[in-house]
Amino acid sequence: MSKSFDPLSSLNVGIGKIIGQDAVAGTERLPDSAPLVPMERRPQLQDQEQRKIWSPSLETNLLSSLCPHLEHRNVLFPSVIQELLSNVAQTLESLPDEETSAELREAAELLREDGKNKELLTMYRNALHKG
């Protein structure tokens with residue numbers, strides 16, 4: 001004769017597996033109930049939970065430190081960036097050699113090379129469009 005299906009015993013076995021108890025017949029049981037928090041302490045605990053949940057994590061702090069904070073968002077437009085880079089390059093090149101450090105001279109050289117590369121890119125792009 002076939003064994004009948006007992007849904008209650010299946011449920012107990014499933015719960016036993018979840019809480020880590022052996023699924024041996026008769027040993028499955030739920031953990032003992034924890035004492036409830038008194039009503040007067042609940043607001044304090046809720047405040048602690050909110051602080052823990054919404055406090056910034058290390059990851060959030062690191063990501064926010066990597067993001068630049070711009071006061072003037074129009075700087076992000078390509079035409080404005082190009083104008084600013086050319087102004088900086090002209091300013092660095094106009095400085096007297098005896099007053100500029102090696103780093104500033106190198107920065108001026110890099111800006112000059114960047115400008116030449118962008119001009120070359122524009123020329124190639126126009127050639128491709130003409131076909």
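1. The model is predicted: local features need pLDDT of at least 70, side-chain atom pairs count only at pLDDT 80 or more, and totals for chains, interfaces and linings use all residues. Residues are numbered from 1 along each chain as its sequence is written, and side-chain values use heavy atoms, leaving out hydrogens and water.

2. Helix α4 spans residues 78-94, and helix α5 spans residues 102-130 (helices are DSSP runs of H or I, at least four residues, numbered from the N terminus). Their axes, lines fitted to C-alpha atoms over the stretch in contact, lie 9 Å apart at an angle of about 135°, on a scale from 0 to 180 degrees between N-to-C directions.

3. Glu93 of α4 and Arg112 of α5 are 19 residues apart. They form a salt bridge, with the closest N and O atoms 2.8 Å apart (the cut-off is a side-chain nitrogen of Lys or Arg within 4 Å of a carboxyl oxygen of Asp or Glu). The whole structure has 3 salt bridges.

Note on methods: Helix = DSSP H or I, 4+ residues; strand = E, 2+ residues; numbered from the N terminus.
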